[in-house]
Protein chains: 4
Amino acid sequence: MTMKVGVIGGSGYTGGELLRLLYNHPKVEVSVVTSRKLAGKDVWKVHRHLKGFYDLKFVEPEMKYFEECDVAFTAVPHGEAMKYVPQLLEVGIKVVDLSADYRLPKDVYEKVYGLKHEGYVEAVYGLTELHRDEIAKANLVANPGCYPTGCILAVAPIAKYAERVVFDCKSGITGAGVKPTEFTHYPNLHESVVPYKVTNHRHYYEIVQELKPFNSEIAVSFTPQVFPGSRGILTTSHIFLKENLSLEEIVRIYEDFYRDCYFVRLQDEVRLSYVRGSNFCDIALFKGEDRIVAVSAIDNLVKGASGQAIQNMNVMMGWDEKLGLDFPPLFP
Amino acid sequence: MTMKVGVIGGSGYTGGELLRLLYNHPKVEVSVVTSRKLAGKDVWKVHRHLKGFYDLKFVEPEMKYFEECDVAFTAVPHGEAMKYVPQLLEVGIKVVDLSADYRLPKDVYEKVYGLKHEGYVEAVYGLTELHRDEIAKANLVANPGCYPTGCILAVAPIAKYAERVVFDCKSGITGAGVKPTEFTHYPNLHESVVPYKVTNHRHYYEIVQELKPFNSEIAVSFTPQVFPGSRGILTTSHIFLKENLSLEEIVRIYEDFYRDCYFVRLQDEVRLSYVRGSNFCDIALFKGEDRIVAVSAIDNLVKGASGQAIQNMNVMMGWDEKLGLDFPPLFP
Amino acid sequence: MTMKVGVIGGSGYTGGELLRLLYNHPKVEVSVVTSRKLAGKDVWKVHRHLKGFYDLKFVEPEMKYFEECDVAFTAVPHGEAMKYVPQLLEVGIKVVDLSADYRLPKDVYEKVYGLKHEGYVEAVYGLTELHRDEIAKANLVANPGCYPTGCILAVAPIAKYAERVVFDCKSGITGAGVKPTEFTHYPNLHESVVPYKVTNHRHYYEIVQELKPFNSEIAVSFTPQVFPGSRGILTTSHIFLKENLSLEEIVRIYEDFYRDCYFVRLQDEVRLSYVRGSNFCDIALFKGEDRIVAVSAIDNLVKGASGQAIQNMNVMMGWDEKLGLDFPPLFP
Amino acid sequence: MTMKVGVIGGSGYTGGELLRLLYNHPKVEVSVVTSRKLAGKDVWKVHRHLKGFYDLKFVEPEMKYFEECDVAFTAVPHGEAMKYVPQLLEVGIKVVDLSADYRLPKDVYEKVYGLKHEGYVEAVYGLTELHRDEIAKANLVANPGCYPTGCILAVAPIAKYAERVVFDCKSGITGAGVKPTEFTHYPNLHESVVPYKVTNHRHYYEIVQELKPFNSEIAVSFTPQVFPGSRGILTTSHIFLKENLSLEEIVRIYEDFYRDCYFVRLQDEVRLSYVRGSNFCDIALFKGEDRIVAVSAIDNLVKGASGQAIQNMNVMMGWDEKLGLDFPPLFP
């Protein structure tokens with residue numbers, strides 16, 4: 001028997017990606033997709049690639065449509081999700097929130113995002129590989145940011161040995177959303193790599209929050225950039241260790257850490273095209289005289305957003321975390 | 001119970017794509033993958049995106065490995081496939097040949113490809129939408145070329161009303177294979193659209209062969225080009241009609257023609273990203289004062305190669321043609 | 001002694017390109033650049049690549065700033081240019097208009113562009129290679145559209161022998177301007193070739209206007225597309241001849257036609273990267289059994305806009321047409 | 001009166017770029033271009049973009065052809081340049097060597113490049129902004145590597161205040177040369193950012209050599225990557241300071257350092273498209289709580305190779321260093 005799920009905010013890239021992935025999930029069916037702007041319009045006319053897959057029309061984000069749902073995904077901007085999450089929880093719907101609204105403690109959130117947080121409740125941070133047990137018991141999971149997913153997975157196993165990490169991240173432009181801006185204007189990205197929020201991106205706080213429990217003294221630096229491509233985040237983590245470890249020791253540490261993590265693969269080399277369209281995070285490790293470099297590759301819309309959200313739903317429901325996500329990446 | 005299938009020539013893009021798609025096919029299991037060059041090597045070490053999906057090693061293309069197979073895919077270059085196909089057929093294995101070796105009559109083939117055809121047998125031309133019934137009864141299906149798939153599907157419904165068609169095709173570079181050449185050298189394609197074999201590409205003969213039965217007098221022109229991208233063929237078909245038809249009439253003709261064809265979708269606009277990674281062929285129709293333009297979009301490695309090959313296998317086995325192929329495209 | 005020139009509408013790509021090219025022109029100096037939106041702002045802060053090259057600030061498009069100018073370029077949208085051109089002509093300033101406002105006869109323009117033309121005057125159509133003598137005597141030159149430049153140059157020499165031409169054009173996205181739209185949104189173009197205004201682009205009328213004098217019965221079809229790149233238009237011209245000509249004869253016809261045309265180069269193969277950043281139009285010729293294919297390559301912002309505008313200014317002033325434009329393309 | 005210059009190794013990207021740039025140099029003329037592989041072939045048939053610009057044919061790299069030259073550029077791979085440089089110097093020809101052969105002390109070179117250095121002589125390291133006075137007196141200038149140019153310029157002004165620098169560099173693929181390889185194969189780079197020689201690229205030694213004189217204790221880390229584009233190197237320099245400096249102080253330090261350096265521009269934001277095709281190095285500075293980030297952008301084939309080589313020639317000859325290089329970048 002299939003379970004019904006709803007998507008709040010289905011007009012963007014993460015909404016479209018949820019619909020793409022959920023179509024092949026063996027245990028759920030999408031029964032409602034909201035969009036304030038597009039209410040009344042056929043879903044497939046907005047997501048043309050989905051023609052033939054969904055008969056649904058977008059509806060207003062009203063609770064009545066969610067009555068039969070057991071799980072809801074909120075794929076709206078930060079500041080918006082907090083309007084819906086408490087209502088959903090109240091009527092007993094489990095929620096995976098893809099926005100930033102529940103990723104940080106209330107006070108940190110309010111400082112970082114410059115917003116008053118209405119309707120704050122505690123959530124589990126949904127980096128599945130780190131918090132699987134708590135996610136299994138949670139009603140609200142705060143799905144991680146795309147950059148934090150790539151950064152934290154790249155460094156968590158070795159964090160306790162590190163004194164400093166510099167994350168230099170390169171993201172595809174879909175992370176900037178469906179709305180055309182100067183940033184997403186084709187000639188402004190073509191043949192370029194564009195740094196932005198060079199020393200002050202808000203994802204920094206998630207990364208630190210998740211790495212500090214491994215090592216309260218770790219120094220973290222983070223710079224995001226976009227590269228000319230649609231999907232994928234390549235994270236180059238320059239790691240300075242407190243003590244010397246051989247590459248073999250380091251590899252063993254990572255292997256142990258991720259032993260039961262289907263979606264993390266250690267590879268000799270990583271490429272965004274080896275994970276595209278999939279929920280995998282590939283990691284390669286390099287040792288120089290000065291530092292360790294851990295390079296991770298994810299698809300920002302899958303492991304960095306909608307795929308991990310589904311992985312989290314699977315864990316929340318007590319299902320195999322691979323359901324609906326167990327297919328090979330699209331290479332090349 | 002799963003059926004065993006084999007892949008002859010598994011080291012290239014179409015081989016890798018067969019492996020990607022067959023992993024999620026509910027009725028088959030890949031039991032053998034050959035590569036003369038890579039025999040003994042792990043399949044996933046060549047197709048890194050498949051790490052975790054296959055435990056197989058490449059083997060030499062010897063018949064003994066195929067004993068338990070019911071179906072084989074030959075994904076080797078033209079001139080090579082003819083060495084294996086007769087042997088496979090002889091031991092009762094059904095074959096879908098992705099090379100050009102069985103797409104044309106022997107004499108035409110020998111002239112066009114400048115090769116003596118050893119071991120010629122008649123095959124069914126595997127454009128599924130046109131030859132579904134014959135494919136169902138066939139032991140050997142000649143899987144169409146990538147360009148012909150996009151061209152023929154774009155024009156077949158209207159061919160009998162046309163006096164002239166000019167196909168101007170734009171392909172991703174994966175059509176040129178995995179081997180680095182001047183043609184595939186990054187700086188030679190970046191920021192360019194590159195015509196090649198401008199008036200003499202061999203796929204021309206397949207296109208004509210399939211359109212003539214609809215209209216023996218149709219004049220066909222064909223020019224292939226590569227654009228800066230990996231996957232996809234966009235075919236712009238400039239169609240000059242013998243009689244005037246309204247856009248509504250034309251759309252109705254296409255709708256009728258493709259009524260039972262799950263993998264052909266009529267869309268108001270087509271984009272390669274609406275079909276990427278999938279077996280769909282999207283078609284949009286435009287009417288000017290001078291001509292009809294039918295634009296089709298396929299993923300050259302899926303509907304243009306490995307996806308259609310699986311679709312053909314499904315039909316040959318009497319299964320639902322969607323098996324293993326019923327998932328949404330990867331957009332964007 | 002340098003001559004002063006002004007640019008009306010200097011904030012877009014063609015305005016920036018005029019500034020880039022005019023900086024190295026030995027006989028002129030840009031003394032005024034207007035922009036209603038950006039008046040008061042430093043030119044280099046809008047065109048960051050020009051930092052160090054210009055001290056000018058944008059000014060309002062008022063005639064007083066042009067008093068010392070001998071020539072003005074109008075690089076504003078169609079419908080806007082007509083507001084300035086008559087005033088400039090009146091005070092004796094020669095004008096090269098890069099908009100569409102003066103390319104067509106008044107009645108055709110009004111029908112095609114759906115606008116009433118205020119201030120119509122006759123202009124010379126500024127395809128330099130075709131109208132050099134008239135340009136030399138003109139006060140107003142209507143600089144051709146980007147597509148027409150590539151199309152007309154590809155076919156003019158052979159037009160009188162042709163009965164039908166199908167132009168299938170692939171343009172870089174800068175042709176769509178600096179303003180972000182869905183069309184220029186990176187993920188919408190990446191890994192795609194996007195047809196638009198498939199049978200009804202307004203540049204059609206310029207192409208026909210210029211080819212008809214060679215052959216009043218020629219049938220012309222035209223479809224524009226964008227490819228994933230910033231600059232360049234590749235035009236694939238499928239030409240059906242009335243009589244059979246050998247490739248040698250055709251090449252000779254083109255060589256004769258362009259004998260004194262520095263900026264047209266016949267090449268064995270064309271690539272957009274062979275002309276990038278330059279004023280060249282490269283042409284390659286191919287002969288099939290069914291047709292001739294003439295492929296032309298231009299940089300849409302140079303020969304397709306600002307470069308040709310400067311070439312026209314040179315001719316209008318009686319200078320060598322190469323002044324300021326005689327430098328090699330940027331490959332790759 | 002023009003001076004004659006020769007190019008040894010003219011078939012690659014840096015050779016082609018020398019020819020592109022030297023064409024417009026007011027004081028020199030290229031009189032000889034060598035290529036062992038292509039001797040006898042027209043230069044423009046290899047560099048198609050240069051059709052019409054050069055009548056030369058490639059010749060064998062023999063000294064007799066250089067008799068009339070005052071300056072030679074060696075644009076051959078490392079290990080090859082050392083075969084020609086001593087001969088050229090011996091007959092009184094000044095040399096700018098674009099290979100790595102003379103950038104490091106003999107012993108360091110032999111260790112790093114694993115080659116015995118035949119014909120070692122001391123050269124001046126040709127980062128023009130740092131060594132202008134010595135270059136002016138030199139007969140042999142070792143033109144810097146592309147990565148070192150971007151790295152050193154980004155950090156030199158602040159090096160003495162820094163305790164650690166992490167250089168994370170993103171290069172266009174032309175840096176890998178004209179020869180097709182797996183690395184330059186289009187599908188392997190498209191939609192990817194590819195790290196390589198992650199902790200052991202040989203350019204590291206040049207960077208350290210040039211930064212140590214400012215600060216013998218500076219810790220340097222360096223990781224190169226390619227991004228999907230032809231030209232450009234974006235260097236993200238994560239700089240950890242020994243003492244706290246305000247952004248204003250830092251900007252002043254850079255402004256002072258580069259006061260007389262035409263080709264270094266401080267910008268609020270850098271983009272590779274702001275320097276493309278030009279000899280500029282643009283630098284933007286950012287200050288976070290944890291570090292300074294200096295981002296530099298160069299065109300790897302110009303300031304990172306052939307442009308800087310010409311700038312060095314200009315300085316060696318006592319000319320204005322801008323000769324032949326004073327034109328705006330090609331944006332976008």
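Trainee: Which feature does UniProt place at residues 4-138 of chain A?

Mentor: The model is predicted, so local features need pLDDT of at least 70 and side-chain atom pairs count only at pLDDT 80 or more, while totals for chains, interfaces and linings use all residues. Residues are numbered from 1 along each chain as its sequence is written, chains are lettered from A and ligands numbered from 1 in the order written, and side-chain values use heavy atoms, without hydrogens or water.

An unreviewed UniProt entry assigns residues 4-138 of chain A the feature "domain: Semialdehyde dehydrogenase NAD-binding"; such annotations may be inferred rather than shown by experiment. The span is 31% helix and 16% strand, where helices (H or I, at least four residues) and strands (E, at least two) are DSSP runs. Its end C-alpha atoms lie 18 Å apart.

Consider next F73(A). Neighbours within four places in sequence aside, F73(A) is in contact (heavy atoms within 4.5 Å) with residues including V5(A), V7(A), L22(A), V96(A), I310(A) and M313(A). F73(A), L22(A) and M313(A) are among the residues with the most contacts inside the largest nonpolar core, as are L22(B), F73(B) and M313(B). That core has 99 residues. A nonpolar core is a set of buried Ala, Val, Leu, Ile, Met, Phe, Trp, Tyr and Cys residues joined through side-chain atoms within 4.5 Å, and buried means under 20% relative accessible area (1.4 Å probe, protein chains only). A second, separate core of 96 residues includes L50(C), A284(C), L19(D) and V302(D).

Chain A also holds helix α6 (residues 146-155), with ten of its ten residues buried, among them C146(A), Y147(A) and C151(A).

Note on methods:
Buried < 20%, exposed > 50% of the residue type's maximum accessible area, 1.4 Å probe, protein only.
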